[in-house]
Amino acid sequence: MTGAELTDAVTVFEAARARLFGIAYRLLGSVADAEDVVQDTWIRWQRTDRTVVNNPEAFLVTTASRLALTAATSARARRELYVGPWLPEPVPSGEDTEQTIERGEALELALLLLLERLTPPQRAVYVLKEAFDYPYRQIAEFLDITEEYARQLGRRARGHIARERGVRVAPDERDRLLRAFLAAAQRGDVEQLQTMLAEKAIAYSDGGGVVTAAQKPVTGRERVATYIARTVAIYGQGADVRLVEANGQYVVLVSKGGEPIAACWVDASADGIDRVCMLMNPAKLATLAAAV
């Protein structure tokens with residue numbers, strides 16, 4: 001490969017990098033896994049006879065989508081052995097991040113958690129359609145399936161997400177609830193916490209088997225409120241607590257001695273906060289903490 005050919009290859013690849021990372025991250029919920037997919041895509045692009053590639057972006061998206069789909073299938077098997085609930089890894093929001101992830105649909109943390117419950121093919125079709133607005137004909141080509149099957153997978157994915165998620169409050173209201181919830185938790189005000197929680201609220205704690213965390217979701221308004229207040233009382237003393245932007249929403253980042261120990265976010269319906277997510281796995285906090 002000549003210097004000019006390498007330069008052209010890099011230019012084309014860099015133009016598509018944000019999209020490739022965005023697809024892989026939404027499918028995998030992990031920054032490191034998404035970066036691996038992007039790197040493997042670059043290796044294949046570098047080794048390809050690019051003179052026969054009519055549509056470089058389509059080639060790169062096809063490669064990244066299939067690699068991510070394979071990785072998602074492997075990750076699904078690994079997560080059956082995961083200790084406790086699994087939560088996606090937050091990615092910091094900001095001008096630089098927007099260039100690497102392409103903000104848009106299927107990026108909110110609550111939705112990424114629901115995507116994990118779909119089959120990998122359903123998730124791939126949903127992400128390519130809802131987040132990047134590719135037509136089903138092109139999605140079928142990316143994933144090497146028929147257009148009709150792509151449409152079928154898309155319908156099933158949308159139906160599952162709609163049933164599980166229901167109607168959400170506006171992002172501004174969700175962020176307001178997060179601030180109020182944080183203030184009540186820091187006061188240890190269980191009664192106030194209960195007033196903000198939906199009756200069937202669920203709290204997820206992801207320690208990844210590395211740090212102590214509830215190994216099953218905590219369910220019900222009273223139990224969630226008590227659990228949150230107790231957790232803050234144990235781990236919140238002397239901690240630095242700040243609101244940071246990740247995945248286009250506010251997340252509470254908790255640190256001690258300059259080291260992150262937890263990230264927390266919520267999702268809410270008209271009935272109140274119905275999902276509280278607490279991420280304590282150190283490996284998943286590194287990217288967010290480094291950006292802050």
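Trainee: Leaving aside neighbours within four places in sequence, which residues is N247 in contact with?
Mentor: This is a predicted model. N247 is found in the loop between β3 (240–246) and β4 (249–256). Once its neighbours within four places in sequence are set aside, the residues in contact with N247 are Y25, P90, V91, S93, L107, E108, L109 and L112.

Trainee: Which backbone oxygen does the side chain of N247 reach, and at what distance?
Mentor: L107 is one of the residues in contact with N247. The N247 side chain reaches the backbone oxygen of L107, and the distance is 2.9 Å.

Trainee: Is N247 buried or exposed?
Mentor: The relative accessible area of N247 is 4%. Buried means under 20%, so N247 is buried.

Trainee: What is phi of N247?
Mentor: N247 is a residue other than glycine, yet its phi is positive. The value for N247 is near 55°.

Trainee: Where does D144 lie, and what is its phi?
Mentor: D144 lies in the loop between α7 and α8. Its phi is positive too, again in a residue other than glycine. For D144 the value is near 60°.

Trainee: Is D144 buried or exposed?
Mentor: The relative accessible area of D144 is 60%. The cut-off for exposed is over 50%, so D144 is exposed.

Trainee: How are α7 and α8 oriented to each other?
Mentor: Helix α7 and helix α8 (residues 147–165) pack with their axes 8 Å apart, at an angle of about 100°. Angles of 65 to 115 degrees count as roughly perpendicular. The contact is made by Y136, R137, I139 and A140 of α7 with E147, A150, R151, G154 and R158 of α8. The orientation of α7 to α8 is therefore roughly perpendicular.

Trainee: How are α6 and α7 oriented to each other?
Mentor: Helix α6 (residues 120–131) packs on helix α7 (residues 136–143) with axes 10 Å apart and an angle of about 135°. Roughly antiparallel would need an angle over 145 degrees. The relation of α6 to α7 is therefore oblique.

Trainee: Is the crossing of α6 and α7 left-handed or right-handed?
Mentor: On the α6 side the contact is made by A124, V125, L128 and K129, and on the α7 side by Y136, I139, F142 and L143. The crossing in which α6 passes α7 is right-handed.

Trainee: How many disulfides does the count come to?
Mentor: A disulfide needs two cysteine sulfur atoms within 2.5 Å. The cysteine sulfur closest to that of C264 is in C277, at 7.7 Å, which is too far for a bond. C277 is likewise in no disulfide. The count of disulfides is 0.

Trainee: Are C264 and C277 buried or exposed?
Mentor: The relative accessibility of C264 is 16%, so C264 counts as buried. C277 has a relative accessible area of 3%, so C277 is also buried.

Trainee: What separates the C-alpha atoms of A71 and D33?
Mentor: A71 is found in helix α3 (residues 56–79), and at 26% relative accessibility A71 counts as partly exposed. A71 and D33 are 38 residues apart along the chain. Their C-alpha atoms are separated by 8.0 Å.

Note on methods:
Residues numbered from 1 in each chain as written. Predicted model: local features only at pLDDT ≥ 70, side-chain atom pairs only at ≥ 80, totals over all residues. Heavy atoms only, no water. Buried < 20%, exposed > 50% of the residue type's maximum accessible area, 1.4 Å probe, protein only. Helix = DSSP H or I, 4+ residues; strand = E, 2+ residues; numbered from the N terminus. Polar contact = N/O pair within 3.5 Å; in protein donor to acceptor, adjacent residues only side chain to side chain. Contact = heavy atoms within 4.5 Å. Axes fitted to C-alpha atoms, helices over the stretch in contact; angles between N-to-C directions. Parallel < 35°, antiparallel > 145°, perpendicular 65-115°, else oblique. Left-handed = near helix turned anticlockwise from the far one by under 90°.
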